[in-house]
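Please look over the model below before reading on.

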Amino acid sequence: MSDKQFAVIGLGRFGLSVCKELQSSGAQVLAVDLNEERVKEAASFVSQAIVANCTNEETITELRLDEYDMVMVSIGADVNASILTTLVVKETGTKAVWVKANDKFHAKILTKIGADHVILPERDMGIRIARKMLDKRVLEFIELGSGLAMTEIVIGHKFLGKSLSDLHLCKEADVQVLGFKRGPNLIKAPDLEKQLEIGDVIIVAGPKDTLARKLRSM
């Protein structure tokens with residue numbers, strides 16, 4: 001269970017899905033929107049749901065968003081409200097502000113005014129799907145910041161009978177093998193001499209460029 005606190009401002013389909021995922025993972029979630037019906041919907045599953053206008057500095061101060069681990073601004077239709085909310089939230093000293101953008105122009109403005117991470121849902125989903133199409137072994141990259149990423153590799157017939165130490169990726173000094181899954185069993189810090197079977201899953205972390213380069217050569 002997570003003891004982290006998140007706030008999600010803007011409860012369209014994207015915002016509500018973020019709220020559900022965070023709450024189901026055990027986090028404390030504050031859901032905020034101007035629309036009462038959306039707030040009522042969110043109130044059925046989040047820790048707290050409030051009707052509020054987050055373009056107002058006093059409102060943001062009252063909500064104490066600077067005490068939250070992360071704030072997601074997912075206001076969709078009103079670009080001006082998205083930009084102003086991002087500005088106000090950043091100015092209150094919030095630790096991390098992630099923002100959903102509608103297009104590249106919107107994303108560029110959000111980056112310039114200090115958004116810590118900008119999400120273009122269609123682009124990001126497209127990238128994930130393309131990665132899976134290019135290499136079935138890679139389920140997805142999870143960005144860890146500072147150029148680092150984590151991913152899972154599914155073992156195919158090519159590496160049947162070989163060991164983790166036979167995989168060049170696992171020999172990289174800056175790549176860590178975090179875990180190994182076989183069926184329902186998860187082994188932390190596995191023995192690198194463990195023999196591989198088809199369907200085994202290796203969980204690794206390291207520089208994203210290194211992971212991508214090595215995975216292409218596998």
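The points below are grouped by topic.

This is a predicted model, in which local features need pLDDT of at least 70, side-chain atom pairs count only at pLDDT 80 or more, and totals for chains, interfaces and linings use all residues. Residues are numbered from 1 along each chain as its sequence is written, and side-chain values use heavy atoms, with hydrogens and water left out.

**Confidence**
- Mean pLDDT (the predictor's confidence in each residue, from 0 to 100) is 84 for the protein chain, and 89% of its residues reach 70 or more.
- Confidence is lowest in helix α6 (residues 121-134), with a mean of 64.
- It is highest in strand β3 (residues 48-51), at 96.

**Helix α1**
- Helix α1 (residues 13-24) has twelve residues and spans 16 Å from first C-alpha to last, close to the 16 Å expected at 1.5 Å a residue.
- Gly-15, Leu-16, Val-18 and Cys-19 of α1 are buried (under 20% relative accessible area; exposed is over 50%; 1.4 Å probe, protein chains only).
- The buried residues of α1 fall within an arc of 160° seen down its axis, so they line one face.
- Arg-13, Glu-21 and Ser-24 are exposed on the face turned away from the buried side.
- The cover over the buried residues of α1 includes β1 (5-9), β2 (28-33) and α2 (36-43).

**Positive phi outside glycine**
- Arg-64 is not a glycine, yet its phi is positive, about 55°.
- Arg-64 sits in the loop between α3 (57-63) and β4 (70-73), and counts as exposed at 51% relative accessibility.
- Ser-146, also a residue other than glycine, has a positive phi near 55°.
- Ser-146 lies in the loop between β7 (138-145) and β8 (148-154), and is exposed, with a relative accessible area of 79%.

Key
Helices (H or I, at least four residues) and strands (E, at least two) are DSSP runs, numbered from the N terminus. The expected span of a helix is 1.5 Å times one less than its number of residues. The arc is that of the directions from the helix axis to the C-beta atoms. Contact means heavy atoms within 4.5 Å.
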